[in-house]
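I opened this notebook to keep a record of what I looked up in one protein chain. The entries follow the order in which I went through the model.

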Amino acid sequence: MMLQSYSEIGRFAQSDISYLPPLPPPVHAGVLSSQSFGQDLSTQLRPPNISVQNFQRRLTFHRLPYISGLNFDSKGFYLASVSSAGCLAVHDYETIYCRAEVSNATTVKPIVHIATNLKLEAICWNPTNQDEVACVAAGGRKVYCYDIACMSYNPVEILKMKTSTARELNTDPSGLFDVTFCNMSANKVLACGEDGNVHVWDRRANPQYQSLLSAPKSGTSLSSLQISTDEQVIYAGSDRGLIYAWDLRGGTQSVAFLIPGKDYHPPFATFNLALLLEQISSLREQTDITISAVHSIRLNPSCGRQLAFHLNNGWSGVLDLSELGLTHIHCPPPPWLGGSSACSPICQRKPAWLPTHSVYVSGSCADLKIHFLDFKPSPNSLCYAQVSRNGQSRPRNELLVSEPVIVCAAHPMTNHLIVGTEVGTLQLIAHKSFSKMDDSSFDDNVIDSSTP
């Protein structure tokens with residue numbers, strides 16, 4: 001009943017610069033197919049404060065800027081967001097909620113608005129200093145730390161990736177895809193990315209000093225990062241459908257005592273999601289299971305042994321870190337099966353857990369829906385992998401939305417949601433009063449998103 005009370009309350013643009021005129025679709029290569037065409041287009045559409053080279057690079061990423069990262073502060077007072085257009089914005093959540101109740105309100109002025117000229121990928125809050133956020137960007141070897149209490153458009157600190165070879169100095173820089181702070185030691189910042197390493201900075205030392213936790217296979221890209229609740233284990237998802245784990249607690253493979261500037265050992269454990277999915281007989285009998293890139297991994301805030309993952313093909317599931325196996329799965333048909341897709345394959349989808357009830361919220365890659373997945377740690381879960389339901393279809397909790405959802409963030413106190421879309425807007429998903437609910441909202445367990 002709680003899930004069926006959700007509705008799309010309102011939507012608004014992230015900021016004034018989150019929109020650019022429609023651009024030609026990106027080519028497969030990293031440069032435009034026609035150099036002269038790119039130069040002409042850059043001259044016509046390029047903002048005056050952005051160089052031609054950087055603007056041309058932006059054209060190859062996506063037709064329209066999309067929301068690539070969302071994060072609430074620890075109390076839920078502020079929402080930080082980043083976009084592929086390079087916009088970093090911080091909104092007051094109470095203002096968002098109040099404006100959503102105003103009919104036809106499409107704008108909410110951010111309290112912080114920074115144009116970075118980067119293709120931003122992720123953002124996070126410093127848990128011990130809620131005036132500070134850190135973000136990372138594709139094509140950049142740096143973590144940018146901003147003090148949102150300062151009236152400045154420049155980062156207060158920039159943490160640089162280590163350059164291990166002379167070749168890396170002469171090639172295009174690898175990008176970073178995710179970043180996080182350690183809760184118990186906020187002086188440590190972790191980021192992962194295209195080079196297949198987890199980079200660990202200790203901000204008390206020289207920022208150039210850092211440690212590397214390396215994936216064992218060359219050419220691997222790490223897309224998402226999580227730290228266990230006790231901060232003893234680091235997890236990272238890869239583009240090869242693997243989840244790596246580094247143990248910080250001790251032993252011959254430990255990285256507990258990080259010495260600045262020294263590289264460390266491979267992960268102590270590797271989970272091959274395709275092989276784990278093959279072990280679910282009911283799934284193996286219904287479909288071919290292939291390797292799919294990991295878009296996101298997230299630990300359940302109400303059950304620390306559950307590590308949820310979301311794959312490029314739209315599948316989601318739970319890796320139980322105690323049983324070391326998959327306990328929950330959600331496997332919708334892939335979007336290309338029907339010849340269409342709601343979300344661009346360029347976008348990295350990032351679901352979120354609700355703070356309570358063990359519900360995993362994911363945007364659909366095939367249509368304009370949000371999935372509310374019952375991942376509670378019990379065989380009674382609707383998505384429990386090992387329970388046979390005798391051919392009966394499982395009830396679905398889905399919410400119809402107006403735009404393709406890419407990234408989700410749950411309010412830490414209210415279970416309300418802010419989702420970022422492929423067209424650069426933010427949507428508030430909240431509970432509507434039961435007195436205003438239409439009985440049709442319960443048909444087929446699909447929730448209508450019409451604004452009350």
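The entries below go from the whole chain to its core, then to one glycine and to the salt bridges.

**Entry 1, ground rules.** I note that this is a predicted model, in which local features need pLDDT of at least 70 and side-chain atom pairs count only at pLDDT 80 or more, while totals for chains, interfaces and linings use all residues. Residues are numbered from 1 along each chain as its sequence is written, and side-chain values use heavy atoms, with hydrogens and water left out.

I looked up the secondary structure and found six helices and 29 strands, where helices (H or I, at least four residues) and strands (E, at least two) are DSSP runs numbered from the N terminus. Of the 452 residues in the protein chain, 53% are buried; buried means under 20% relative accessible area, exposed over 50%, and partly exposed in between, with a 1.4 Å probe and protein chains only. For contacts (heavy atoms within 4.5 Å), I took those between residues at least 6 apart in sequence, and 57% of them join residues at least 24 apart.

Which residues have the most contacts inside the largest nonpolar core? They are Ile243, Leu273, Leu277, Leu307, Leu319 and Leu326, in a core of 25 residues. A nonpolar core is here a set of buried Ala, Val, Leu, Ile, Met, Phe, Trp, Tyr and Cys residues joined through side-chain atoms within 4.5 Å. Among the elements that each supply at least two residues of this core are β15 (233-238), β16 (242-247), β19 (303-311) and β21 (325-330), but the largest share, four residues, comes from α5. I then followed Leu319, which, apart from neighbours within four places in sequence, is in contact with residues including Ile243, Phe271, Leu276, Leu307, Phe309 and Leu326, and also with Arg305 and Gln306.

I next checked Gly420, which has its place in strand β27 (residues 417-421). Is Gly420 buried or exposed? Gly420 counts as buried because its relative accessibility is 0%. Not counting residues up to four places away in sequence, Gly420 touches Ile67, Leu70, Pro404, Val405, Ile406, Val407, Thr425 and Leu426.

How many salt bridges does a search of the whole structure find? The search finds nine, each being a side-chain nitrogen of Lys or Arg within 4 Å of a carboxyl oxygen of Asp or Glu.

In the pair of Glu157 and Arg203, the closest N and O atoms are 2.6 Å apart. Glu157 lies in strand β9 (residues 157-160) and Arg203 in the loop between β12 (197-202) and β13 (210-214), so this pair ties together parts that are 46 residues apart in sequence. Glu157 counts as buried at 18% relative accessibility, and Arg203 counts as buried at 18%.

For Glu398 and Lys369, I found the closest N and O atoms 3.1 Å apart. Glu398 is in strand β25 (residues 398-400) and Lys369 in strand β24 (residues 369-374), so the pair ties together parts 29 residues apart in sequence. Glu398 is buried, with a relative accessible area of 4%, and Lys369 is buried, with 17%.

The side chains of Asp374 and Lys376 meet in a salt bridge at 2.7 Å, N to O; Asp374 counts as buried at 12% relative accessibility, whereas Lys376, at 30%, counts as partly exposed.
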